[in-house]
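Me: Could you walk me through some features of this protein and how to read each one?

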Amino acid sequence: MTKRILFYIDLFTLHFGLANYVQKNTDYELFGLIDTTNKPKNFFQNQKLVKFKNQWFYHDFIDIHKVPDFEYLKKLSNIYGLDVKKLIKNDRHFNHYNKFFTFTENQKKSIFAQECKLYEKIISESNVDYLIITQPSLRHSYVLYKICKSLKVTPLVINPSVLGYQTFVSSHINKLDSFNTKNITVEKKSFNELQNILKQFNVNTQIVNYIEKFGQSKLSLVKSAYKFLFINDSSNTKTHYTYFGRSKVKVLSYSIKNLIQKRSRMDFINKNFQKSIKDEKIIYFPLQVEPDRNLLLGAPDFVDQLNSVVQIAKRLPPGYKLYVKEHPGQNRTWREISYYEKMLKLKNVKLIHPHFPSEKIYQKCDLVITAVGTSGFEALFYGIPVIIFGDTIYSDISTVTKMNSFDKLESIIINSLNQKPNPDELNLLLKLLERNSIDFDLFGYYTLQAHEFYHDSNLIDVEISEEKMKNFLESNNDIFCLLGNHIIDKTKI
């Protein structure tokens with residue numbers, strides 16, 4: 001039987017390029033769930049590059065005025081294992097991260113129910129075998145992933161590896177399909193030798209490079225601002241709930257306010273955050289970027305990082321200090337000064353400057369506590385035990401402990417501090433990653449498409465011509481060939 005694949009296509013052009021490649025190299029039937037703003041929607045409605053057997057536009061099926069189906073919502077937990085209440089609470093469009101519109105509880109529930117019914121409809125009508133999706137960062141794409149798994153549709157998730165510039169495809173989010181190391185032999189390496197590998201494939205270096213390039217062009221910013229204010233219409237504010245309240249005046253006002261706040265917050269960070277560390281007993285807690293999937297979806301019970309710092313500080317063993325480092329990726333807004341001030345008042349807590357090298361902290365600290373970020377993975381290269389708040393690709397390492405609540409944290413910290421990491425375990429994990437990964441820079445692709453289509457990500461509601469897309473696919477054929485062949489191979493297993 002011909003295999004059938006559903007591509008989740010948002011403003012990330014990679015999925016469309018992969019659909020184009022799969023179409024050219026297989027006889028598979030392709031379907032598209034398209035989640036875009038209105039101007040790119042015109043392209044997908046009229047393009048001839050990919051012949052989807054059927055396609056659905058996500059926002060066409062969402063009407064916030066509909067009364068929620070409460071009985072249906074109650075069943076979702078049992079049917080798909082969805083924690084509806086928590087997923088709604090942590091949605092970045094529904095909570096305090098949204099500065100433009102306040103949804104009622106009924107509107108949130110109505111949206112949730114409608115999208116789940118849409119996903120059921122798509123899977124029923126298409127009878128697909130696979131879902132192609134990048135690691136979900138938003139609630140509604142994550143719910144699609146969960147429903148597909150429950151209905152025996154195999155997700156092929158494009159995951160950025162914990163090793164920089166590497167990508168792996170798996171049926172899981174942030175986890176390999178197999179951790180079987182029985183038939184793997186590796187040359188023994190010390191932690192010092194393993195650190196050389198980390199330096200070569202450091203994901204933080206990759207992300208910092210990405211942040212420095214992403215949206216930094218002042219010319220692109222000026223051009224996109226002009227188009228947004230004087231040329232573009234505001235139809236998305238009527239048709240897409242993710243754009244509700246985003247009038248041009250409000251967006252302009254927010255942007256100016258954010259620019260001023262960003263400068264004052266950076267001044268506060270430069271004056272009050274430490275740029276060196278003392279010779280003392282250290283436990284390290286790196287802050288996660290907000291909003292981000294690592295917290296909202298990866299560690300949904302621990303989204304309040306200020307509370308996490310308070311709770312950890314209460315449970316520190318005698319003589320220890322908690323070093324908290326701001327994430328350099330938070331530079332788009334930085335956090336409110338009052339947020340930092342509350343941490344600075346904690347006697348056992350020290351705030352570290354976001355530009356201070358993390359490796360210098362690893363060289364001094366005895367334990368790393370993190371949500372599910374790459375800092376926990378990096379700590380393993382320095383022989384440091386780790387406590388995590390959610391499942392991650394390095395969870396199976398024996399010196400990595402998952403914490404489910406703060407109630408037992410004190411004993412978990414003590415047990416972790418007494419553990420002796422073994423470099424052989426990490427060495428085996430690296431071999432597994434090598435076997436399952438390809439040399440594809442996912443963050444580099446974000447930069448590439450942002451420059452090509454979205455004014456360096458300063459404006460995303462843009463017209464896309466078929467000719468421009470065709471030229472982009474042809475000029476980047478090597479990328480789609482590499483990842484496309486990897487995905488096709490996955491469908492043959």
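**Reading the model, feature by feature**

Reply: Let's begin with a helix. Nine of the 12 residues of α1 are buried, so this helix is largely enclosed by the rest of the structure. Keep in mind that this is a predicted model, where local features need pLDDT of at least 70, side-chain atom pairs count only at pLDDT 80 or more, and totals for chains, interfaces and linings use all residues. Residues are numbered from 1 along each chain as its sequence is written, and side-chain values use heavy atoms, with hydrogens and water left out.

Me: What does "buried" mean, and which residues of α1 are buried?

Reply: Buried means under 20% relative accessible area, exposed means over 50%, and partly exposed is in between (1.4 Å probe, protein chains only). In α1 the buried ones are L14, H15, F16, G17, L18, A19, N20, Y21 and V22.

Me: How is a helix picked out, and what is the reach of α1?

Reply: Helices (H or I, at least four residues) and strands (E, at least two) are DSSP runs, numbered from the N terminus. Helix α1 covers residues 14–25 and reaches 17 Å from its first C-alpha to its last, close to the 16 Å expected at 1.5 Å a residue. That expected span is 1.5 Å times one less than the number of residues.

Me: Now sheets. What is the strand order here?

Reply: Strands of a sheet pair through backbone hydrogen bonds, either parallel or antiparallel. Here two strands count as paired if DSSP finds at least two bridges between them. This open sheet has seven strands, ordered β3-β2-β1-β4-β5-β6-β13, with mixed pairing. At the edges stand β3 (54–57) and β13 (437–438), each with a single partner strand, so one side of each has no neighbour in the sheet. For a parallel pair, look at β1 (residues 4–9) and β4 (residues 130–134), joined by three bridges. F7 has I132 as its bridge partner in β4.

Me: How many disulfides are there?

Reply: A disulfide is a covalent bond between the sulfur atoms of two cysteines. The cut-off is a pair of cysteine sulfur atoms within 2.5 Å. This structure has zero disulfides. For C148, the nearest cysteine sulfur is that of C116, 11 Å away. C148 is also buried, with a relative accessible area of 0%.

Me: And how many salt bridges are there?

Reply: A salt bridge is a side-chain nitrogen of Lys or Arg within 4 Å of a carboxyl oxygen of Asp or Glu. The structure holds 18 of them. In one, the closest N and O atoms of D69 and K117 are 2.8 Å apart. That pair links distant parts of the chain: D69 sits in the loop between β3 and α3 (70–80), and K117 in helix α5, 48 residues apart. By contrast, K74 and E71 both lie in helix α3, three residues apart, about one turn of the helix. Their closest N and O atoms are 3.6 Å apart. E115 and R139 also meet in a salt bridge (2.5 Å, N to O), and both are buried.

Me: Last one: what should I look for in the backbone?

Reply: Most residues other than glycine have a negative phi, and most peptide bonds are trans. N127 has a positive phi, near 55°, and is exposed at 51% relative accessibility. N174 has a positive phi too, about 60°, but is buried at 10%. As for peptide bonds, a cis one joins E290 and P291, with omega about -5°.
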